[in-house]
Amino acid sequence: MRLVAVEAISEWLLPPLLDRVEGRRRDLSVSDRQLNREALTQGLSVLADSQDGQLRAAALKAARQLHVLLPDTALQALATNPANDEATRLEALKSLAELPAKSLPKNLIMTLDTALAAESATVQARALELLCEKFPVQGLRRLTRVLERQHDIAVQQTAIELLGKLPQRAGLPLLERLVVQLLDGKLNAALALDVREVALTAAIPKSDQLDTEKFAYSRDGGDAKVGEDLFKNHVAAQCSRCHKIGESGSDIGPPLTQIAKTRDADYLLRAIAQPSADIDAKYRSQMLLLGSGQVIKGIVQSESEQETVIADNTGKLLTLRSADIEEKSEQKISLMPEMREILSSREVRDLVAFLRTLK
């Protein structure tokens with residue numbers, strides 16, 4: 001209840017259109033809404049010191065949304081304390097990032113260095129972003145260190161992205177070295193896509209020699225959690241419409257429950273980028289010409305003398321009278337849509353990472 005109350009307070013000045021209880025649209029007037037900022041600051045400060053991680057993070061988020069400045073010493077303590085959960089530390093770093101330049105604590109660099117040593121790669125990445133934003137000179141030094149040492153891949157990917165954002169193109173010499181490493185085959189494959197994208201945007205020398213095929217560098221370095229969400233929820237890709245993982249999904253396409261046991265990463269990437277390259281005989285589509293002149297394309301699920309059941313590319317099952325089928329021909333083109341126009345290079349990388357966990 002306390003968590004719900006904090007979330008409601010954070011939305012007080014600009015409430016959502018949908019009622020949080022009934023889900024109905026409420027066009028509420030906000031012109032007369034006010035907050036006692038002194039009491040709000042005091043209350044959120046207390047909650048930010050709560051023993052409950054969720055409540056702590058919610059209080060920090062509410063303070064940011066309502067532009068309530070919590071003491072910077074408290075924010076630094078929350079960001080650096082290794083006993084705090086990831087959500088709390090991230091919200092504290094976000095709050096520090098929004099402090100006006102004149103209010104930045106003098107020891108903020110030390111605070112960010114401490115956060116860079118956190119176990120959470122997400123906290124490390126956010127600290128690195130804040131360091132480069134507020135202190136670009138020191139930020140470049142940390143970026144160099146992150147890329148030269150054995151840091152988490154996600155943190156190194158963030159570092160590469162930040163190289164292209166530093167003022168006065170300060171990160172480009174280091175980025176040029178990474179491009180040369182990529183061309184020489186000496187760069188970690190998990191960083192290849194990030195280097196190519198930043199190098200092309202910044203017009204780095206030799207970047208025109210990199211492979212420009214959209215998914216050329218999408219095999220390694222993805223986030224499996226993001227890929228799982230994409231598989232289940234991407235509106236356009238709709239992977240689960242045709243594939244099954246465990247008991248969830250559809251049998252129209254090959255099951256993926258243990259796909260990584262028998263297929264390597266190269267195959268998984270090719271199956272996404274070029275779905276027609278390797279089609280199992282069982283899942284080859286058929287084109288049926290009916291007596292009425294109608295043409296139906298899909299994968300035959302079952303057939304008998306009386307009826308034929310076929311699944312079209314939307315996953316819909318159609319039952320036809322077998323006697324109405326005048327001609328049947330096997331197709332060499334997969335029912336799976338071309339992902340080139342649906343998913344980005346990074347989304348495919350995340351999807352491959354997820355599929356590689358299915359063992």
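**Stop one: the second largest pocket**

Start by selecting helix H7 (121-134), helix H9 (153-163) and H15, each of which supplies at least two residues to the lining of the second largest pocket. Keep in mind that this is a predicted model. The volume here comes to about 440 Å³. Colour the lining of the second largest pocket by class and you get five nonpolar, five polar and eight charged residues.

**Stop two: the largest pocket**

Next, go to the largest pocket, with a volume of about 750 Å³. Helix H13 (259-262), helix H14 (265-273) and helix H15 (345-355) are the elements that give two or more residues to its lining. Which of them gives the largest share of that lining? Pick H14, which brings five residues. For the centre, select His-243, Pro-254, Leu-256, Ala-271 and Met-336, which lie nearest to it among the 34 lining residues. Colour by class again, and the lining of the largest pocket shows 23 nonpolar, six polar and five charged residues.

**Stop three: a strand residue**

Finally, jump to Ile-299, which sits in strand S4 (residues 295-303). Is Ile-299 buried or exposed? Its relative accessibility is 6%, so Ile-299 counts as buried, the cut-off being under 20%. To finish, draw a C-alpha to C-alpha distance from Ile-299 to Ser-45: the two are 61 Å apart in space and 254 residues apart in sequence.

Definitions and conventions: Residues are numbered from 1 along each chain as its sequence is written. This is a predicted model: local features need pLDDT of at least 70, side-chain atom pairs count only at pLDDT 80 or more; totals for chains, interfaces and linings use all residues. Side-chain values use heavy atoms; hydrogens and water are left out. On a 1 Å grid over the protein atoms alone, a cavity is a set of points where a 1.4 Å probe fits but cannot get out, and a pocket is an open set with protein on both sides within 12 Å along at least five of seven lines; lining residues have an atom within 4 Å of a point. Grid points are joined across faces, edges and corners, and a volume is the space filled by probe spheres set on the points. Helices (H or I, at least four residues) and strands (E, at least two) are DSSP runs, numbered from the N terminus. Ala, Val, Leu, Ile, Met, Phe, Trp, Tyr, Cys and Pro count as nonpolar, Asp, Glu, Lys and Arg as charged, and the others, Gly among them, as polar. Buried means under 20% relative accessible area, exposed over 50%, partly exposed in between (1.4 Å probe, protein chains only).
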